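Student: Could you help me learn to read strands and helices in a model like this one?
Tutor: Gladly, let's look at it together.

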Amino acid sequence: MEIMRRASHAGSWYTDNPKKLAEELDGWLRASGLAKSPDVRGVIAPHAGYSYSGRAAAYAFGNIDPSSITRVFLLGPSHHYYTPKCALSGATIYKTPVGDLQIDLEVVKELKATGKFEVMDLDVDEAEHSMEMHLPYLAKVFDGYPVKIVPILVGAVKPENEAMYGRLLAKYVDDPNNFFSVSSDFCHWGSRFNYVHYDRKHGAIHKSIEALDRMGMDLIETGDPDAFKRYLSEYDNTICGRHPISVFLHNAEELLNKDKDQFPSL
């Protein structure tokens, strides 16, 4: 029996009109001017409403070469549901206004068998927006290609367990047919978020925020999860996808330890 996860944020966080959404996605992807590259094995892309993040996300998804990818692991933070673990979806299909995405039930079964993953209730799955905001882009980029997805909700995972989940997923990043889509916004600044870090040497507040985020991005690109952890400890930047990013860095580190030239391109 098929279990459908609704596109629960369509009509609010992004349009639920299939024609309009397809036109927006196509336009943003064209405007990015990026060439598709088989070397790109993972992206970190935002999950705010498309009026805020849609254009920016195209600069991640525009790099994807769908011809060599058959499976996408989707790692997103949990905003509403507390768990100290990672959780798998109990659905079989994720719906979007521009095409549905099949979940890879075989890989979900493999991950369940480790005993380290929860399974989300459908209401928890549909309440979370972090992974859903990647789905229309994935459906558009992989239109016509036989791709399946593996959604993984990453909870409030302790550092040692980030490393453990990274090791569990390492065999999948080793396969060039697999791709990782990591969902994260970066600095959430202001009293609403109880975060007002301001380094005046950068000038205006938005320049200070940009410098702080770029510092984090530069560290992520080194592939060093411990350096990223130290950065978060020092600056406490409100990166909501810190746990999915850390799991992916530990995941990729396993590959890097085997071959120093094989850190996946981001």
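**Reading a strand and a helix**

Tutor: This is a predicted model. Let's start with a pairing: Ile44 has Val182 as its bridge partner in S9.

Student: Which strand does S9 pair with over four bridges, and in which sense?

Tutor: With strand S2, residues 42-45, in the parallel sense. S9 also runs parallel to strand S3 (residues 71-77), joined by five bridges. Val182 turns up here too, as the bridge partner of Leu75.

Student: How do I read the side chains of a strand?

Tutor: In a regular strand, side chains alternate between the two faces of the sheet. In S9, Asn178, Phe180 and Val182 point one way, while Phe179, Ser181 and Ser183 point the other way.

Student: Are the residues of S9 buried or exposed?

Tutor: Six of the six residues in S9 (178-183) are buried, so the strand is mostly covered.

Student: And how should I read a helix?

Tutor: An α-helix has 3.6 residues a turn, so residues three or four places apart point the same way. In helix H3 (residues 105-112), the buried residues include Val107, Val108 and Leu111. They lie on the same side of H3 because they cover an arc of only 105° around the axis.

Student: Which exposed residues does the face turned away from the buried side carry?

Tutor: Glu106 and Lys109.

Student: What do the buried residues of H3 pack against?

Tutor: Their partners include S3, strand S8 (148-154) and helix H6 (159-173).

Student: What should I look for at the start of H3?

Tutor: Look at Asp104: one of its side-chain oxygens comes to within 3.2 Å of the backbone nitrogen of Glu106.

Definitions and conventions
Residues numbered from 1 in each chain as written. Predicted model: local features only at pLDDT ≥ 70, side-chain atom pairs only at ≥ 80, totals over all residues. Heavy atoms only, no water. Buried < 20%, exposed > 50% of the residue type's maximum accessible area, 1.4 Å probe, protein only. Helix = DSSP H or I, 4+ residues; strand = E, 2+ residues; numbered from the N terminus. Pairing = 2+ DSSP bridges. Arc of directions from axis to C-beta. Contact = heavy atoms within 4.5 Å. Polar contact = N/O pair within 3.5 Å; in protein donor to acceptor, adjacent residues only side chain to side chain.
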